Amino acid sequence: MAEGEKASGERREYRMDELARLAGISVRTLRFYRERKLIPPPRREGRIAWYDDRHLARLRTITALLERGHTLNGIAELAEAFDHGRDVGELLGMEPPTDETPVRLTPEELADRFAGEDTPENLAAAMDLGYLGTDGHQIVHISRRLLDVSTALVREGIPLAEVLRAGKEVRTHADALADLFADLILRHAAEEALHRLRPLARSVVDAELSLAMDRRLRKKHETADGRDDKPEADEA
């Protein structure tokens, strides 16, 4: 074990100079980050401050975000959101989602997916919506499919804030549809049938949404054709 390190249970802990060396920054910069509350307070043992791998991960994240163009003020706001956001247990509950695969991300990976859109406001909105939670220095997204769709929409030029607002509206409609389907089943079958028949609900929603999109596109084309066919007014 290197000088300045020690093991504490399963965790490895570091003195300030060793932590700075591993993070690739100066001790002065580390002190500055600590004063700005960009990293959590260290564990104190008398006059000695001990840091652990969570601090090291946070410092590497700060460096990565700075390289991606984030300001220290922005990073401080993101750090506060991470530290006060939902933890993964609250996000997933006692059991993981039945049909969805949660995704673990570092803050750097999240920044890469939503370049320029990973603001504290959007992060807080995603946490309030239940999309994101925290697990130590990692971020957990509740659904790979929803994460991939959000990423694709942002890459198409749609602001993440608008994607999240749309997601909130979809959540309201989805809850109403789930209630409708559950009430229908429970009026005629035992509660155990809900799990077995839930793929039918998904099929109905998928089919109806597909048909609704067809109607929406057809209406748009008809409106456009109507404008094109309208005779021009005679000149006076």
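Hi everyone, and thanks for coming. Some housekeeping before we look around. Residues are numbered from 1 along each chain as its sequence is written, and side-chain values use heavy atoms, with hydrogens and water left out. Since we have a predicted model, local features need pLDDT of at least 70 and side-chain atom pairs count only at pLDDT 80 or more, while totals for chains, interfaces and linings use all residues.

Let's start with the whole chain. Its secondary structure comes to 10 helices and 7 strands. Here helices (H or I, at least four residues) and strands (E, at least two) are DSSP runs, numbered from the N terminus. Of the 236 residues, 32% are buried. By buried I mean under 20% relative accessible area; exposed is over 50%, and partly exposed is in between, with a 1.4 Å probe and protein chains only. Now for contacts, meaning heavy atoms within 4.5 Å. Among contacts with a separation of 6 or more, 65% are between residues 24 or more positions apart.

Now to the charged side chains. Glu13 sits in strand S2, residues 11–14. Is Glu13 buried or exposed? Its relative accessible area is 1%, so Glu13 is buried. Which side chain does Glu13 pair with? That would be Arg43, through a polar contact of 2.8 Å. A polar contact is a pair of N or O atoms within 3.5 Å; within protein, one must be able to donate a hydrogen and the other to accept it, and residues adjacent in sequence count only if both atoms are side-chain atoms.

The side chains of Glu18 and Arg21 are joined by a polar contact of 2.5 Å. Staying with H1, its buried residues are Met16, Glu18, Leu19, Ala20 and Ala23. After H1 comes Gly24, with a positive phi near 75°.

What does H1 pack against? Two packed helices are described by the angle between their axes and the distance between the axes. H1 packs with helix H3, residues 53–67, at an angle of about 40°, and the axes are 9 Å apart. The axes are lines fitted to C-alpha atoms, for helices over the stretch in contact, and angles run from 0 to 180 degrees between N-to-C directions. That angle makes H1 oblique to H3. Angles under 35 degrees count as roughly parallel, over 145 as roughly antiparallel, 65 to 115 as roughly perpendicular, and the rest as oblique. H1 passes H3 in a right-handed crossing. Left-handed means that the near helix is turned anticlockwise from the far one by less than a right angle, and right-handed means clockwise. On the H1 side the contact is made by Leu19, Leu22 and Ala23, and on the H3 side by His55, Leu56, Leu59 and Arg60. Sorted by class, that gives 5 nonpolar, 1 polar and 1 charged residues. Nonpolar covers Ala, Val, Leu, Ile, Met, Phe, Trp, Tyr, Cys and Pro; charged covers Asp, Glu, Lys and Arg; the others, Gly among them, are polar.

Our other pair is helix H7, residues 120–129, and helix H9, residues 160–188, whose axes come within 10 Å and cross at roughly 15°. That makes H7 roughly parallel to H9. The crossing of H7 and H9 is left-handed. From H7, Asn122, Ala125, Ala126 and Leu129 meet Leu160, Ala161, Leu164, Gly167, Lys168 and Arg171 of H9. The classes here are 6 nonpolar, 2 polar and 2 charged residues.

Next, the loop between helix H2 (27–35) and strand S3 (43–45), which holds Ile39. At 4% relative accessibility, Ile39 is buried. Leaving aside neighbours within four places in sequence, Ile39 is in contact with Leu30, Tyr33, Arg34, Tyr51, His55, Arg58, Leu59 and Ile62. Ile39 and Arg58 are 19 residues apart in sequence, and their C-alpha atoms are 6.6 Å apart. Lys37 is found in the loop between H2 and S3 too, but Lys37 is exposed, at 68% relative accessibility. Lys37 is not a glycine, although its phi is positive, at about 60°.

Last stop: Leu146, in helix H8, residues 144–155. Leu146 is partly exposed, at 35% relative accessibility. Beyond its neighbours within four places in sequence, Leu146 is in contact with Tyr131 and His141.

Thanks, and I'm happy to take questions.
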